[in-house]
Amino acid sequence: MKLTNENLNKYINLYLNDVDDYGEETEFLLAESVLSPIKGLLVEAKGDGNLILESQLKKSSTYEKEIIEDFMLYVENV
């Protein structure tokens, strides 16, 4: 699935709002700490946002990978 960087930023905001509304505070803080830097990269990037997500996924720690994978699943199901 190819999404524009602008759409990915919108999905990150929606995801963070849902985690804030339905998750625990620590889940929100972790998700925000992982996804906020990705939002910055998407704003600056001119290429495919999916490539940025995949790149971040490859160099992430275990818990960061879980958050990014959960976000990607969220986007597929929205």
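The model is predicted.

Begin with the overall build. The chain holds four helices and zero strands. Read from the N terminus, its elements run α-α-α-α. Along the principal axes, the C-alpha atoms fill a box of roughly 35 × 25 × 20 Å. How does the radius of gyration fit a compact globule? For 78 residues, such a globule would have a radius near 12 Å, and the chain has 12 Å, so the two agree. Of the 78 residues, 35% count as buried.

Now take helix H1, which spans residues 5-22. The structure holds one salt bridge. Which side chains form the bridge? Glu6 and Lys10 do, with 3.5 Å from N to O. Side chains of opposite charge can pair when their charged atoms come close. Both Glu6 and Lys10 sit in helix H1. They are four residues apart, which is about one turn of the helix. Are the two partners buried or exposed? Glu6 has 54% relative accessibility, so Glu6 counts as exposed; the cut-off for that class is over 50%. Lys10 has a relative accessible area of 44%, so Lys10 is partly exposed.

Buried means under 20% relative accessible area. Leu8 counts as buried because its relative accessibility is 1%. Asn9 is buried too, because its relative accessible area is 13%. Leu8 and Gln56 are 48 residues apart in sequence, and their C-alpha atoms are 14 Å apart in space. Asn9 and Lys46 are 37 residues apart in sequence, with 13 Å from C-alpha to C-alpha.

Next comes the charged surface. Glu24, Glu27, Glu66, Glu69 and Asp70 form a negative surface patch. Which element gives the largest share of the negative patch? Helix H4, residues 62-77, supplies three residues, the largest share. Glu24 has another setting: this residue lies in the loop between helix H1 (5-22) and helix H2 (25-44). Glu24 counts as exposed because its relative accessibility is 56%.

Is Thr62 buried or exposed? Its relative accessibility is 58%, so Thr62 counts as exposed. Val75 has a relative accessible area of 6%, so Val75 is buried. Thr62 and Phe28 are 34 residues apart in sequence and 17 Å apart in space, C-alpha to C-alpha. Val75 and Ser61 are 14 residues apart in sequence, and their C-alpha atoms are 21 Å apart.

Helix H4 gives three residues to the negative patch. Glu24, in the loop between helix H1 and helix H2, belongs to that patch.

Definitions and conventions
Residues are numbered from 1 along each chain as its sequence is written. This is a predicted model: local features need pLDDT of at least 70, side-chain atom pairs count only at pLDDT 80 or more; totals for chains, interfaces and linings use all residues. Side-chain values use heavy atoms; hydrogens and water are left out. Patches are made of residues with over 30% relative accessible area and no salt bridge: like charges are joined within 9 Å, nonpolar side chains (Val, Leu, Ile, Met, Phe, Trp, Tyr) within 5 Å. Accessible areas come from the Shrake-Rupley method with a 1.4 Å probe; for residues, only the protein chains shown count as cover. A salt bridge is a side-chain nitrogen of Lys or Arg within 4 Å of a carboxyl oxygen of Asp or Glu. Lys and Arg count as positive and Asp and Glu as negative; His and the chain ends are not counted. The place of a charge is taken as NZ of Lys, CZ of Arg, CG of Asp or CD of Glu. Helices (H or I, at least four residues) and strands (E, at least two) are DSSP runs, numbered from the N terminus. Buried means under 20% relative accessible area, exposed over 50%, partly exposed in between (1.4 Å probe, protein chains only). The radius of gyration is taken over C-alpha atoms; the globule rule is 2.2 Å times the number of residues to the power 0.38.
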